[in-house]
Amino acid sequence: MTHRPTEEPLRPVRPHPVDTAGPSPEPADVDPAVLSALLRRHGWQRRGGAPGRYGRWTPPGPGGGTSLLVPETRAFPDSDDLLGEALLALSRSGSPSAREVLVSLAVPSDEIRWWHDVPAGPAGAASWTVEDRLRGAARRMLLAAALATRARAGYHGARHRRSAAAALHHVLVGSATDGRLTAFVPVAGGRPLAVRLHQALFAAREAIDYQRATGGMDAFDAAVEAGVSHDLTEALVALVRGTEGARIAVEWAPAAGVPEGCASSAEPVEFSPGDLAVLREAGARYLREEPAVPVRITGAVVRLRRSGPRGDGTVRLRVLAGADVPNVRITLDEEAYRIAGHAHLVGLPVRVQGRLESRGGFRRLTGAHGVVPVQLDDAERDRLMKALQENAGVAAFFEEACGGDCGD
């Protein structure tokens, strides 16, 4: 007897940026200079037009296509009409560059571009896995930049992951075609991420060049301040591995201008397969040398384990405050384990001090001491009660315990 394999549900495909960026901008909201700058950025060519009044722009590619008349200023009565016709033509165009121009107009964004050079398949087509790898590497790189905006560290481990991932929710990503991918990072709220990635990429390139010239890895230590980390080196390895080379460029939103301390040119930073050994060595160095962090954590006890009825035991805490990691594991002596177990039974969190170890991704607390139950305010108590999913009897005991003297 044969069985059909169970089919796994497909993950929903993220909509194209044009579908998520909202309606097209109104002509009155469009700066003609910004529109012209975006057309030039996305490969459109200016081919004539009345100087000082309007320019005629043609789309990139050998096939040409519908040209646009874009006013240079709003000084003439027909400027709004020309802008409206240009926006309508862009919305009806099938050119990827037209869609990207509309996205940048609707949501002023810094654009991050990735290219990787891979051997082409039949008729110049790339395999599905190649494009999927490009998207995965790009997302890892954005996450590394978001982590670097939270803290400068060679190795982040599990720290800051939730807030860094949340920072990517408003980033719009286009389709990966022809070995090229573009992400649109909204200036409002997202510019620090783009700035950090821009600086980190150049610092990583300089550190690699220094190592290849001198054999020393010291430049990677200084590069941490620019945002280089284990996460970034791993993202670069994922981007370059299996290719003939890769490039990344950050282009600033014309409407917002160039951020302070950054280059105005969009010169790509290039990485090659010859850089992989240095990147892997740097990543291992960051992982090996990141120090432990002294912390004072408040967390809910979610798991207790020990081999016998007495002695030391292991406790798992869901972190509520004190460290930006979701969970930690702690080995406690018998008395501290008893306190943690009692707190778990009555639904109270505990506070504990120790050192958050980098080994294992900052998920283990060593040298734990000072374990005490913590009194909660009403809002925190209600939130924790819902999470614990305890029965009514324990909930009543929890209410009674919080009303007594169980603070620190």
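Author: Let us begin with a definition: helices (H or I, at least four residues) and strands (E, at least two) are DSSP runs, numbered from the N terminus. This is a predicted model, in which local features need pLDDT of at least 70 and side-chain atom pairs count only at pLDDT 80 or more, while totals for chains, interfaces and linings use all residues. Residues are numbered from 1 along each chain as its sequence is written, and side-chain values use heavy atoms, with hydrogens and water left out. With these terms, the protein chain has 13 helices and 13 strands.

Reader: Where is arginine 159 found, and is it buried or exposed?

Author: Buried means under 20% relative accessible area, exposed over 50%, and partly exposed in between (1.4 Å probe, protein chains only). Arginine 159 lies in the loop between α5 (128-150) and α6 (161-166). Arginine 159 counts as buried because its relative accessibility is 12%. In the protein chain, buried residues make up 44% of the 408 residues.

Reader: What does the side chain of arginine 159 reach, and which residues does arginine 159 touch?

Author: A polar contact is a pair of N or O atoms within 3.5 Å; within protein, one must be able to donate a hydrogen and the other to accept it, and residues adjacent in sequence count only if both atoms are side-chain atoms. Here the side chain of arginine 159 reaches the backbone oxygen of tyrosine 155 at 2.7 Å. Contact in general means heavy atoms within 4.5 Å. Not counting residues up to four places away in sequence, arginine 159 touches Leu147, Ala153, Glu290, Val293, Asp324, Val325 and Phe362.

Reader: How are the side chains of a strand, such as β11, to be read?

Author: In a regular strand the side chains alternate between the two faces of the sheet. Along β11 (residues 327-332), Val328, Ile330 and Leu332 point to one face and are buried.

Reader: Which strands pair with β11?

Author: Strands of a sheet pair through backbone hydrogen bonds, either parallel or antiparallel. Two strands are said to pair if DSSP finds at least two bridges between them. Strand β10 (residues 313-321) pairs with β11 in the antiparallel sense over six bridges, and threonine 314 has threonine 331 in β11 as its bridge partner. Five residues lie between the strands of this hairpin, where glycine 322 takes a positive phi near 105°. Strand β13 (residues 364-373) runs parallel to β11 and is joined to it by two bridges; isoleucine 330 stands opposite leucine 365 in β13.

Reader: In what order do the strands of the barrel close?

Author: The order is β9-β10-β11-β13-β12, five strands with mixed pairing. Strands β9 (residues 293-305) and β12 (residues 350-357) run antiparallel and are joined by seven bridges, with isoleucine 297 opposite valine 352 in β12.

Reader: How is the packing of α2 and α4 described?

Author: Two packed helices are described by the angle between their axes and the distance between the axes. Axes are lines fitted to C-alpha atoms, for helices over the stretch in contact, and angles run from 0 to 180 degrees between N-to-C directions. The axes of α2 (residues 32-41) and α4 (residues 96-106) come within 10 Å and cross at roughly 145°. Val34, Leu35, Leu38 and Leu39 in α2 meet Val101, Ser104 and Leu105 in α4.
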